[in-house]
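Here are some exercises to work through with the model open beside you. Try each task before reading its solution.

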Amino acid sequence: MAKWAYTRGLHDLGNGCYAWLQPDGTWGYSNAGLIVDGGETLLVDTLFDLRLTRDMLDSMRRLVPAAARIGTVFNTHGNGDHTFGNQLVKDARIIATRGCLLDMEERPPENLHELMSKNWRALGEAGAFMYEVMGSRFDFSDIVYTPPTELFDGEMVLHVGTKEVRLIELGPAHTRGDALVYVPADRTVFSGDLLFVGGHPVVWVGPIGNWIRACDKILSWDVETIVSGHGPITDKSGVRAFKHYLEFLYAEARKRYDAGLSLEEACRDISWDAFRDWSDPERLLVNVDAAYREFSGDTSPRDIIRLFTLMARWHNADKASAAHAGHPHPH
């Protein structure tokens with residue numbers, strides 16, 4: 001969407017809606033939002049560590065006087081890059097879905113700090129990749145687990161000043177409790193990770209069909225501005241492109257599953273040319289694996305270390321290929 005520059009910092013969307021963007025939108029570099037009316041505020045998500053969250057909050061307070069006091073926080077889902085900064089707004093009302101809370105309970109920041117500071121080498125290729133994309137970029141050392149104080153299922157309607165704000169659960173998809181913020185009067189959506197723009201998503205939970213239905217839900221609304229969880233601000237064209245990715249992934253994985261190809265064979269066999277410019281291509285392994293699990297009816301716990309090992313190998317091969325071709329690796 002050409003009207004919005006993809007630059008780091010606070011972007012005024014108009015009428016009391018703001019987006020906080022973190023290029024390049026890859027692992028851990030998520031977006032957030034702020035809604036203001038009548039001196040009241042709603043913060044949409046915090047960031048992956050306290051330094052980043054503090055910088056965001058300081059900028060918001062400097063540029064938007066009402067942000068001096070954040071009254072309400074909404075965590076769109078339970079991943080750390082949308083929740084680990086909660087302690088800096090712990091006096092606010094913090095709202096989330098039950099699925100969001102379950103994910104937060106399973107992966108608190110203290111556990112990630114322990115892994116990234118001490119134990120990542122023991123995980124071999126998987127640990128090295130985790131450290132590269134998380135441990136070397138973010139500081140988890142002083143984060144205290146700060147869960148939501150209020151939960152909902154389905155839909156919740158708030159008022160920020162006189163502005164109606166709808167919190168709508170459309171997951172499970174990316175995670176167990178994906179939800180977004182819809183501001184009908186401003187034709188604006190803060191999607192959380194129900195939308196990635198210019199990057200491969202991660203289907204940690206699925207089903208993929210439910211994620212496609214979430215895209216259709218957004219497309220059914222009268223919306224003109226959409227703040228993605230990762231990537232630039234967009235409009236419905238970004239949602240359509242993302243929906244196409246999910247549909248392509250599902251259909252192509254189905255063909256390879258029916259033909260008896262293994263996960264890795266399928267990932268190599270599928271032509272990803274239409275998405276060659278999207279970041280984090282190693283995630284397609286997680287996504288095809290999610291599709292294969294759907295097709296086979298496998299509901300067992302996913303082997304996250306195996307998936308990170310496969311992603312590490314794809315990522316490293318991608319870097320080696322780029323170096324051999326004389327092109328700097330984009331990530």
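A charge sits over a ring if NZ of Lys or CZ of Arg is within 6 Å of the ring centre and within 35 degrees of the ring normal. This is a predicted model, in which local features need pLDDT of at least 70 and side-chain atom pairs count only at pLDDT 80 or more, while totals for chains, interfaces and linings use all residues. Residues are numbered from 1 along each chain as its sequence is written, and side-chain values use heavy atoms, with hydrogens and water left out.

**Exercise 1. Charges over rings**

Find the ring under the charged end of Arg-283, then the ring under that of Arg-254.

Solution. 
- Step 1: Start at Arg-283, whose charged end sits over the ring of Trp-27, 4.2 Å from the ring centre.
- Step 2: Move to Arg-254; here the ring belongs to Phe-295, with its centre 4.4 Å from the charged end.

**Exercise 2. Aromatic pairs**

Classify the ring pair of Trp-204 and Phe-308, then that of Tyr-292 and Phe-295.

Solution. 
- Step 1: Recall the rule: rings of Phe, Tyr and Trp (its six-membered ring) pair if their centres lie within 6.5 Å, and planes under 30 degrees apart count as stacked, over 60 as edge-to-face and the rest as tilted. The model has 25 aromatic pairs by this rule.
- Step 2: Trp-204 and Phe-308 are 6.0 Å apart, centre to centre, with 25° between the planes, and the pair is stacked. Trp-204 belongs to the loop between β11 and α5 (208–220) and Phe-308 to helix α9, so their pairing ties together parts that are 104 residues apart in sequence. (Helices, H or I of at least four residues, and strands, E of at least two, are DSSP runs numbered from the N terminus.)
- Step 3: For Tyr-292 and Phe-295, the values are 6.5 Å and 50°, and the pair is tilted. These two residues are three apart in helix α8, about one helical turn.
- Step 4: Check burial (buried is under 20% relative accessible area, exposed over 50%, partly exposed in between; 1.4 Å probe, protein chains only). Tyr-292 is buried at 11%, and Phe-295 is buried at 13%. Trp-204 and Phe-308 are buried too.

**Exercise 3. Salt bridges within helices**

Solution. 
- Step 1: A salt bridge is a side-chain nitrogen of Lys or Arg within 4 Å of a carboxyl oxygen of Asp or Glu. The count is 25 salt bridges.
- Step 2: Arg-256 and Glu-252 meet at 2.4 Å, N to O. They lie four residues apart in helix α6 (residues 236–258), about one helical turn. Arg-256 is buried at 11%, as is Glu-252 at 13%.
- Step 3: Glu-114 bridges to Lys-118, with the closest N and O atoms 3.8 Å apart. Both are in helix α3, four residues apart.

**Exercise 4. One more bridge**

Which helix holds both Arg-61 and Asp-58?

Solution. 
- Step 1: The side chains of Arg-61 and Asp-58 form a salt bridge of 4.0 Å, N to O.
- Step 2: Both lie in helix α1 (residues 50–63), three residues apart.
- Step 3: Arg-61 is partly exposed at 33%, and Asp-58 is partly exposed at 38%.
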